[in-house]
Amino acid sequence: MAKGFSASTIKSWFQYRCERKVRYELSTDVELAAIPVVKDVRERPWAVLGNQFEERVVRRLGRQDKVLRPTIGDNALSEALSGAFLRGNRPETYAAQINLRPSGPVSFLRDTGLYLNRNLADLVRRVRSRARPEMFELTIIDVKATRRATAFHKTQVAFYARVLEALLREMGIGDTEISRTGEIWRIRDDSSSDSDEWQVEEFALDPYLRLVDDFCANQLPEIAAKQVGAGVDRTFFHIYFKCEQCSFLEHCRSSIDEDLPVATRDVSAVPGLTHEAKRSLHRLGVKSVQALAGAEGLAQAPGVSWSLSRRAGLLINRATALSTGSIRRTEELHTYLMPPRIDTALLLSIDHDPVDDRLAAIGYRRVENGTTTRELIRIPQTGQARDEVAAIVDVLAALIDDLTSIDAHNSSIDDGGDGDPIYSHILFYEPSEVLNLQAAIGRHLEHELIRTGLLHLVRLFPPDDIVPEPEFRGIHHLPATALRTIIEQLWALPVAVAYDLRQVSQAIFGESDQRAYRPAPGFERPFSSLLSIDVIRDFRENAETKIQRTDIEHDVSQRLSSLEALVRWALEQNSQAALHAAPLLRLAKRPFRFQATFDPLNAVDLDVLLACELLENRAGMLEALINLARPARRRRDAGKCFANLYLRRFDRNGGKVFLQFDVPIESQAAELSAGEFDLILTDDDADNRLNPALWQALSCRIRPPAGSVTLNGSTLHLEMNRQVFDGPLFQGLLQTNRRDNWFVDKAFLDVNTDRAAQFLTYLSAGDVR
């Protein structure tokens, strides 16, 4: 039986890269029922939103220009009207929902056994070509209720172009050509999804035409030939977060159901597995959770990709946790991303609406010595900027107020007052929450209160001039932690999704435990605990199943409670490990103090520029520290470290010292080059590696031998300033470490921030003549 094919299937492939989804979309309902597959045919809120946005855009366009639209009651232009428009027999500039299907076969589906379904382009514009006035030009436009035009949106437009080419040839229209650019009309940056305003994103069609041609010629015939039917399904699939919007999700999820025996539970259940890693495992005959748990020696198996070999130990550990239903420790001995003591935990929860590109909810809780002393949750009613600003200001004002009181308390202790200092720390669950909050603040820098809050964020870091103090180790200043990162580093849990707070908390505490996050009906998601787009749109658009504000507030509060319990659990695990002289949490953080470089109450534009410059610098520093905090094996396998070097010789020559190292074979793939200025040579002692104040005293550069390459076989050549080599720190390492176990890592060097800060300070002083 011939199978239908359309632009939506092209979009599916480039969005999901899922062979099974494409094959199922090529199947009839009868074929799917034979497998059997139950397709979720419910209309999704995001699809409804897209249709409504498109309708508003076309209606507004019709007020500005002439648009040929389907007759009332039809969802597409008739073939007669479509043909008349393409031939130029209509006065309209635009045609909406134009039917592009040729009546005969098309060359790009030759040998596939497929025929074209109806393909409806949102808009086609017909104007006289500027380059060739004797010709007319057709531009294909796709209207999307999105903030960003993605590659899969553009490949869909490119496919329409191929279909339109075939239709023009069939109709014998010779005075019309297809534009070499396509357009995506999306939600305007300064507008919301409920408006009728759009922003045009033009793009060159040629690169996406090549993608479409390659898919139709190579992957599509193979996928279409995959056998599916009663009791047989030869399609390859992998379950991960993108699958959440797929109509076939429930069918695929049945293969990783926790009630299945581990011997038959699909290996997709192991968190962190990628499509390509699963393909590699299948080639090795590893198809179940149990098989992966027992796959010792996987990293050295023939044909295993570098990425899979690097992560083999972690994946096996996670598969074992799933097989045994128990929590296991990972290879990571400790982490430098979280302190072992938190007197006052400042918890934040951030939900983001990808359609409006605004915050959907922001929650904050202060927990002092195990007692909640403040909780504040704000749910912006709309996607308008004013509602987002109000929510951010309310919550961050509370956070800053609490930090100010902690700072005042610790200041009094420093001045000789009575009492104990307060160790505080800011915690999120998901790293993405941090990024979404950062982006939200960046959207409103023109707002005075937001600008003041930005300066307070800078004050979470210590002033540079006190970092070198011996008691003030550089890593102490990490102001916040994403707890999911800590849990993934230190523990393998019996869960399918490690970034889902529901699964993680229920695995640690038990499904019925009050500390675990148990979402209400409608709030549970298969791959995340953050608010779904369904919930957000339902709340904002007054749907019939109306989600109430109190419902969302309760969900945010529940997540904060679970985050609080997980923080306490991690601290307890660390305390137990410390009894055996093996603490897990190694961030040497001091009692919280604001830095005093800025006066947020007297902020001016130049202060904001300086704050942004310093925040960018600190972000680079934190990224370097996060990478350096990983064990040497992880840094080496990621290509960011020459590990376990043997010092063969060193020679002094003027102001330089040249060092020659033997490099073990497992370190020879490191991606460090002679052009980098931020390398350090250490003995892998964390007190040296993770102290930015010491990096200059450990700095080195890779030096290619004359006429040779940087890494010649198993030899690495370094150069070091004589002053650094003869300095007390490096000489101490040399005497202690001798020849063995040297490490070269990438640290962080920013030569511009200090200069920019000095210049901005100079400008703000009013000294410019």
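On a 1 Å grid over the protein atoms alone, a cavity is a set of points where a 1.4 Å probe fits but cannot get out, and lining residues have an atom within 4 Å of a point. Keep that in mind for later. What you have here is a predicted model, where local features need pLDDT of at least 70 and side-chain atom pairs count only at pLDDT 80 or more, while totals for chains, interfaces and linings use all residues. Residues are numbered from 1 along each chain as its sequence is written, and side-chain values use heavy atoms, with hydrogens and water left out.

Let's begin with the overall layout. The protein chain has 24 helices and 25 strands; these are DSSP runs, numbered from the N terminus, with helices (H or I) of at least four residues and strands (E) of at least two. Of the 769 residues in the chain, 53% are buried, meaning under 20% relative accessible area with a 1.4 Å probe on protein chains only, against over 50% for exposed and in between for partly exposed. Count a contact as heavy atoms within 4.5 Å. Among contacts between residues at least 6 apart in sequence, 70% join residues at least 24 apart.

Now for the inside. A nonpolar core is a set of buried Ala, Val, Leu, Ile, Met, Phe, Trp, Tyr and Cys residues joined through side-chain atoms within 4.5 Å. The largest one has 49 residues, and those with the most contacts inside it are Phe 5, Leu 86, Ile 98, Phe 159, Leu 164 and Phe 215. Among the elements that give it two or more residues are helix H1 (7-16), strand E5 (120-128) and helix H7 (206-224), but H6 gives the most, with 12 residues. Click on Phe 5 and, leaving out residues up to four places away in sequence, you'll find that Phe 5 touches Leu 26, Leu 109, Phe 159 and Phe 215, among others. Apart from this core lies another, of 43 residues, including Ala 360, Ile 377, Val 504 and Leu 571.

Back to the cavities. The structure holds three of 30 Å³ or more, a volume being the space filled by probe spheres set on the grid points, which are joined across faces, edges and corners. Helix H2 (19-25) and helix H8 (249-253) each supply at least two lining residues. By type, the lining divides into 10 nonpolar, two polar and two charged; here Ala, Val, Leu, Ile, Met, Phe, Trp, Tyr, Cys and Pro count as nonpolar, Asp, Glu, Lys and Arg as charged, and the others, Gly among them, as polar.

Last come the charges. Side chains of opposite charge can pair when their charged atoms come close. There are 63 salt bridges, each a side-chain nitrogen of Lys or Arg within 4 Å of a carboxyl oxygen of Asp or Glu. Helix H2 holds both Lys 21 and Glu 25, four residues apart, about one turn of the helix, and their closest N and O atoms are 3.1 Å apart. Lys 21 counts as buried because its relative accessibility is 8%, whereas Glu 25, at 24%, is partly exposed.

Arg 125 and Glu 183 also meet in a salt bridge, at 2.6 Å from N to O. This pair links distant parts of the chain, from strand E5 to strand E8 (residues 181-187), 58 residues apart. Finally, Arg 147, Asp 353, Asp 356, Arg 537 and Arg 540 are linked in a network of salt bridges.

How values were computed. On a 1 Å grid over the protein atoms alone, a cavity is a set of points where a 1.4 Å probe fits but cannot get out, and a pocket is an open set with protein on both sides within 12 Å along at least five of seven lines; lining residues have an atom within 4 Å of a point.
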